[in-house]
Amino acid sequence: LDSLHSEKKHKKRMEFGKKGTPRSGGPSQNIARTPGRKLTVREQRAVAKLYKGDKLEYPSALQMYDRPPSCDVSLQEFEDLAVERLKVLRVIEKHNMGGSTKFGPEWMEKIKAELEKTNLSHYYELANVIGSRQKMVHLENRRTDHISHFILRLAYCRSDELRRWFVTHETDLFRFRWKMMLQENSELMNEFMTEGKLCYSPISMEEKEE
């Protein structure tokens, strides 16, 4: 990551995966906005980034990261997202060693509070607490989550030790978000299961305790 600092002033752009940024003109009726107000040009461009053809690029709040980003990313954004993602995982690591029961209420609240304090709450604010009508800010946060994951995934693939650290704390971040979704808007779980092509039947509490 240190090598990124020497290039942060460059105006070139980096690209992941196949070429082609989603063009403007995709439907925006699924994004909540002020009724009766037209989108500005900047907002239209922002909406275009969140669509792939006429479908939402990120329909689910949780992601399986099974495909790399296919959009252009500036070097400045690349650096910023790498630093942000690393800070998020460091917060997870810190509270894993803080004495609180992992995935317990206290652990969850401490992580949530620190991410909010450090202006990183957009890494868990990925969906509405109530309702399924998506807000643009949540879709933008999902894009940030997707791209930043792959940036750090690339940076931490250099050795087995780095890969283990990355996978461990990314898994904890996923489970942190999973528990938040179950607590705040369990209806969105069906979207995640559909998007991830996961076919499982729920079990009863009795069967779970056995």
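User: Before we start, what does contact mean here?

Analyst: Contact means heavy atoms within 4.5 Å. This is a predicted model, where local features need pLDDT of at least 70, side-chain atom pairs count only at pLDDT 80 or more, and totals for chains, interfaces and linings use all residues. Residues are numbered from 1 along each chain as its sequence is written, and side-chain values use heavy atoms, with hydrogens and water left out.

User: OK, T144. Which residues does T144 touch?

Analyst: Leaving out residues up to four places away in sequence, T144 touches L81, E84, H122 and Y123. T144 sits in helix α4, residues 136-155. Helices (H or I, at least four residues) and strands (E, at least two) are DSSP runs, numbered from the N terminus.

User: Is T144 buried or exposed?

Analyst: T144 is buried, because its relative accessible area is 15%. Buried means under 20% relative accessible area, exposed means over 50%, and partly exposed is in between (1.4 Å probe, protein chains only).

User: Now L120. Where is L120?

Analyst: L120 is in the loop between α3 (105-117) and β6 (134-135). L120 has a relative accessible area of 4%, so it is buried.

User: And which residues does L120 touch?

Analyst: E84, K87, V88 and L115, not counting residues up to four places away in sequence. E84 is also on the list for T144. K87 is 33 residues from L120 along the chain, and their C-alpha atoms are separated by 8.5 Å.

User: Next, A61. Where does A61 lie?

Analyst: A61 lies in the loop between β4 (55-56) and β5 (72-74). A61 counts as buried because its relative accessibility is 6%. Beyond its neighbours within four places in sequence, A61 is in contact with L126, A127, R142 and M181.

User: How far apart are the C-alpha atoms of A61 and M189?

Analyst: They are separated by 8.8 Å. Along the chain, A61 and M189 are 128 residues apart.

User: Zoom out. How many helices and strands are there?

Analyst: The protein has seven helices and six strands. From the N terminus on, the order is β-β-α-β-β-β-α-α-β-α-α-α-α.

User: What about helix α5? How many residues does α5 have?

Analyst: Helix α5 (residues 160-184) has 25 residues. It reaches 36 Å from its first C-alpha to its last, close to the 36 Å expected at 1.5 Å a residue. The expected span is 1.5 Å times one less than the number of residues. Among the buried residues of α5 are W165, F166, L173 and M181. M181 is also one of the contacts of A61.

User: How much of the protein is buried?

Analyst: Of the 210 residues, 40% count as buried.

User: Which is C71, buried or exposed?

Analyst: C71 counts as buried, because its relative accessibility is 10%. C157 has a relative accessible area of 38%, so C157 is partly exposed.

User: Last thing. What is the average pLDDT?

Analyst: The protein averages 76, and 69% of the residues score at least 70. Over residues 2-36 the pLDDT is below 50, and this stretch has 64 contacts in the model beyond near neighbours in sequence. pLDDT is the predictor's confidence in each residue, from 0 to 100.

User: Which element has the lowest mean pLDDT?

Analyst: Strand β1 (residues 13-15), with a mean of 45. Helix α2 (residues 75-96) has the highest, 96.
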